[in-house]
Amino acid sequence: MKSVNDIIFILGARINSSRVIKKMIRKFSNTTLFELAIKKLKDCKIPKENLYIAVGDPELIEIAKKYDVNIYYRTEKSINSEVLDIRDAFEWCYDFSKSHKYFFWINACQPFLKVDTINNFIDQFLKSNNRSLISVNLTKNYFWNYDETLSKMNFKHSKEIENFAFNTK
């Protein structure tokens, strides 16, 4: 039987954004994306000792310290926007794999993610017999072409899907 104590919860953030400069610390309503994410995770059913904020930028470290959370200090290489190897960006996986069976990675760029949604996701994972769970939502994404015109991405073999959670064994 799985326990919430077997899960390490990681909120990763960095200052170097390739599209929106310093988006984690820019004003978003009366707060920032980064602080909003920390507050929501602290309101979830996550054991305090299992919640880590994975940051390396001095500005983010300073903010995280105000919220009395565990900090995983990322290396310069892992917060560099030019990182090509995903193993560098998720370096924390190696360190926490010694102490925890499961990882719950949260992207701080989701300001409308609700505490109830996170708690329900945790409950669903704990009840499942699977080793992983991925959340997927239907979206209508638009991407820029190289000539900078806006066009809907067209995949020949894709189809629209309902919102669902995907389990892997």
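In E4, glycine 12 has alanine 54 as its bridge partner. Strands here are DSSP runs (E, at least two residues), helices likewise (H or I, at least four), and both are numbered from the N terminus. This is a predicted model: local features need pLDDT of at least 70, side-chain atom pairs count only at pLDDT 80 or more, and totals for chains, interfaces and linings use all residues. Residues are numbered from 1 along each chain as its sequence is written, and side-chain values use heavy atoms, with hydrogens and water left out.

E1 and strand E4 (residues 51-55) pair in the parallel sense over 4 bridges. Two strands pair if DSSP finds at least two bridges between them. E1 also pairs with E6, again in the parallel sense, over 6 bridges. In E6, tyrosine 102 is the bridge partner of isoleucine 7. Phenylalanine 104 of E6 stands opposite phenylalanine 9.

Strand E1 (residues 7-12) is mostly covered, with 6 of its 6 residues buried. Buried means under 20% relative accessible area, exposed means over 50%, and partly exposed lies in between (1.4 Å probe, protein chains only). In a regular strand the side chains alternate between the two faces of the sheet. Ile7, Phe9 and Leu11 point one way from E1. Ile8, Ile10 and Gly12 point the other way, and all are buried.

## The sheet and its helices

The open sheet has 4 strands in the order E5-E4-E1-E6, with parallel pairing. Strand E5 (70-73) and E6 are the edge strands, each pairing on one side only. From one strand to the next, the twist averages 30°.

H1 packs on the sheet and touches E1, E4 and E6. The direction of H1 makes about 165° with that of E4. Helix H2 (residues 58-66) packs on the sheet too, touching E4 and E5. The direction of H2 makes about 160° with that of E5. These axes are lines fitted to C-alpha atoms, for helices over the stretch in contact, and angles run from 0 to 180 degrees between N-to-C directions.

Helix H1 (residues 33-43) is mostly covered: 8 of its 11 residues are buried. Among them are Leu33, Phe34, Leu36, Ala37, Ile38 and Leu41. Glu35 and Lys40 are also on the buried list.

## Tyrosine 67

Tyrosine 67 lies in the loop between H2 and E5. Tyrosine 67 is buried, at a relative accessible area of 17%. Beyond its neighbours within four places in sequence, tyrosine 67 is in contact with Glu35, Ile38, Lys39 and Lys42. Contact means heavy atoms within 4.5 Å. The C-alpha atoms of tyrosine 67 and isoleucine 38 are separated by 7.6 Å, while the two residues are 29 residues apart along the chain.

## Aromatic pairs

Rings of Phe, Tyr and Trp (its six-membered ring) pair if their centres lie within 6.5 Å; planes under 30 degrees apart count as stacked, over 60 as edge-to-face and the rest as tilted. By this rule the count comes to 9 aromatic pairs. One of these joins phenylalanine 28 and phenylalanine 112, edge-to-face, at 6.4 Å centre to centre with 65° between the planes. This pair links distant parts of the chain, 84 residues apart. Phenylalanine 28 is in strand E2 (residues 27-28), and phenylalanine 112 is in the loop between strand E6 (102-107) and helix H6 (115-127). Phenylalanine 28 is partly exposed at 29% relative accessible area, whereas phenylalanine 112 counts as exposed at 72%.

Phenylalanine 104 and phenylalanine 121 have ring centres 5.4 Å apart and planes at 80°, so they too form an edge-to-face pair. Phenylalanine 104 lies in strand E6 and phenylalanine 121 in helix H6, so the pair ties together parts 17 residues apart in sequence. Elsewhere, Phe90, Trp92, Phe103 and Trp105 form one aromatic cluster.

## Lysine 2 over two rings

The charged end of lysine 2 sits over the ring of tyrosine 102, 5.6 Å from its centre. Lysine 2 also lies over the face of phenylalanine 125, at 3.7 Å from the ring centre. A charge sits over a ring if NZ of Lys or CZ of Arg is within 6 Å of the ring centre and within 35 degrees of the ring normal.

## Confidence

The protein averages a pLDDT of 82, and 78% of the residues score at least 70. pLDDT is the predictor's confidence in each residue, from 0 to 100. Over residues 148-169 pLDDT stays under 50, and the model has 38 contacts beyond four places in sequence for them. Where pLDDT is low, the predicted coordinates should not be read in detail.
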